[in-house]
Amino acid sequence: MLDWQAIDTVLLDMDGTLLDLHFDSHFWLDLVPQRYAQKRGLELENARQWLHERIRQEQGSLSWYCLDYWTEQLDLPIAQLKREIMDRIGFRPGAEAFLQALRRSGRRTVIATNAHRDSLALKIEVTGIDQQVDLVICSHDFGYPKEEQAFWQTLQEVEPFNPARTLLVDDSLAVLASARRYGIAHLLSITQPDMQQPARQVTEFDATNDFSEAIAAL
């Protein structure tokens, strides 16, 4: 699937790619609606439906990923609430072995995440994921999400890479499409970002749910 001889740099998403998206899914679909319903005196299902629509309005923007924004909008301590379920944070199967194999191969490995700094810090605290790559880039530091071309332009200024010899592994199809527009040649999606949800069918990009084939090819 991947021509490793043509790849020097590997850009890696974090949530849903290296880490199980179940933590984030449970947080936004269950815990936040529960706390919002309690605070507002609403029925849980009404709160869940309202929140789903409200969050969807921000999809693809930096605000969608910003804990400060949602703390203000919902009047809930979002970063603090995440700590209540931090035991759900964990690697997807095979992800750590993949990172170790990439390091042994000598390729440059960079996590490029849309996660807010507070969320990133919590996940680093639990997993030590920052120690398993060469660099961690947070889109909030750039002011652009990965869905925008400006993110890749800024990334190249901070972390020079040759798009023709770069692989991006990301569960977001919108992000992969943005990277393709920028000229990143090697793109790989994830079929099961949330390990407690069914695998999805991805047709727009090469996709995997098992890093073992990639590890063997390295």
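Before I come to the first pair of helices, let me say that an axis here is a line fitted to C-alpha atoms, for helices over the stretch in contact, and that angles run from 0 to 180 degrees between N-to-C directions. With that in hand, and keeping in mind throughout that this is a predicted model, let us look at helix H2, residues 44-56, and helix H4, residues 67-74, whose axes come within 13 Å and cross at roughly 135°. Since angles over 145 degrees would count as roughly antiparallel and those from 65 to 115 as roughly perpendicular, H2 is therefore oblique to H4. The crossing of these two helices, H2 and H4, is right-handed. On the H2 side the contact is made by Trp50, Leu51, Arg54 and Ile55, and on the H4 side by Tyr69, Trp70, Gln73 and Leu74. Sorted by class, the contact of H2 with H4 has 6 nonpolar residues, 1 polar and 1 charged.

H2 also has a contact with helix H1, residues 22-40, and there the two helices pack at an angle of about 115°, with their axes 9 Å apart. The crossing of H1 and H2 is right-handed. H1 contributes Trp28, Leu29, Asp30, Val32, Pro33, Gln34, Tyr36 and Ala37, while H2 contributes Leu44, Ala47, Arg48, Trp50, Leu51 and Ile55. By class, the contact of H1 with H2 has 11 nonpolar residues, 1 polar and 2 charged.

Let me turn to the aromatic rings, of which the structure holds 10 pairs. Phenylalanine 27 and tryptophan 28 form one of them, an edge-to-face pair at 5.0 Å centre to centre, with 90° between the planes, and both of these residues, phenylalanine 27 and tryptophan 28, are buried. Tryptophan 64 and tyrosine 65 form another edge-to-face pair, at 5.0 Å centre to centre and with 75° between the planes. How do the two residues of this pair stand in terms of burial: is tyrosine 65 buried or exposed? Tyrosine 65 has 18% relative accessibility and so counts as buried, whereas tryptophan 64, at 28%, counts as partly exposed.

Finally, which residue might we follow in the loop between helix H10, 173-182, and strand E5, 186-190? Isoleucine 184 lies in that loop, and because its relative accessibility is 3%, isoleucine 184 counts as buried. As for glutamate 43, its C-alpha atom is separated from that of isoleucine 184 by 46 Å, the two residues being 141 residues apart along the chain.

Technical notes
Residues are numbered from 1 along each chain as its sequence is written. This is a predicted model: local features need pLDDT of at least 70, side-chain atom pairs count only at pLDDT 80 or more; totals for chains, interfaces and linings use all residues. Side-chain values use heavy atoms; hydrogens and water are left out. Helices (H or I, at least four residues) and strands (E, at least two) are DSSP runs, numbered from the N terminus. Angles under 35 degrees count as roughly parallel, over 145 as roughly antiparallel, 65 to 115 as roughly perpendicular and the rest as oblique. A crossing is left-handed if the near helix is turned anticlockwise from the far one by less than a right angle, and right-handed if clockwise. Contact means heavy atoms within 4.5 Å. Ala, Val, Leu, Ile, Met, Phe, Trp, Tyr, Cys and Pro count as nonpolar, Asp, Glu, Lys and Arg as charged, and the others, Gly among them, as polar. Rings of Phe, Tyr and Trp (its six-membered ring) pair if their centres lie within 6.5 Å; planes under 30 degrees apart count as stacked, over 60 as edge-to-face and the rest as tilted. Buried means under 20% relative accessible area, exposed over 50%, partly exposed in between (1.4 Å probe, protein chains only).
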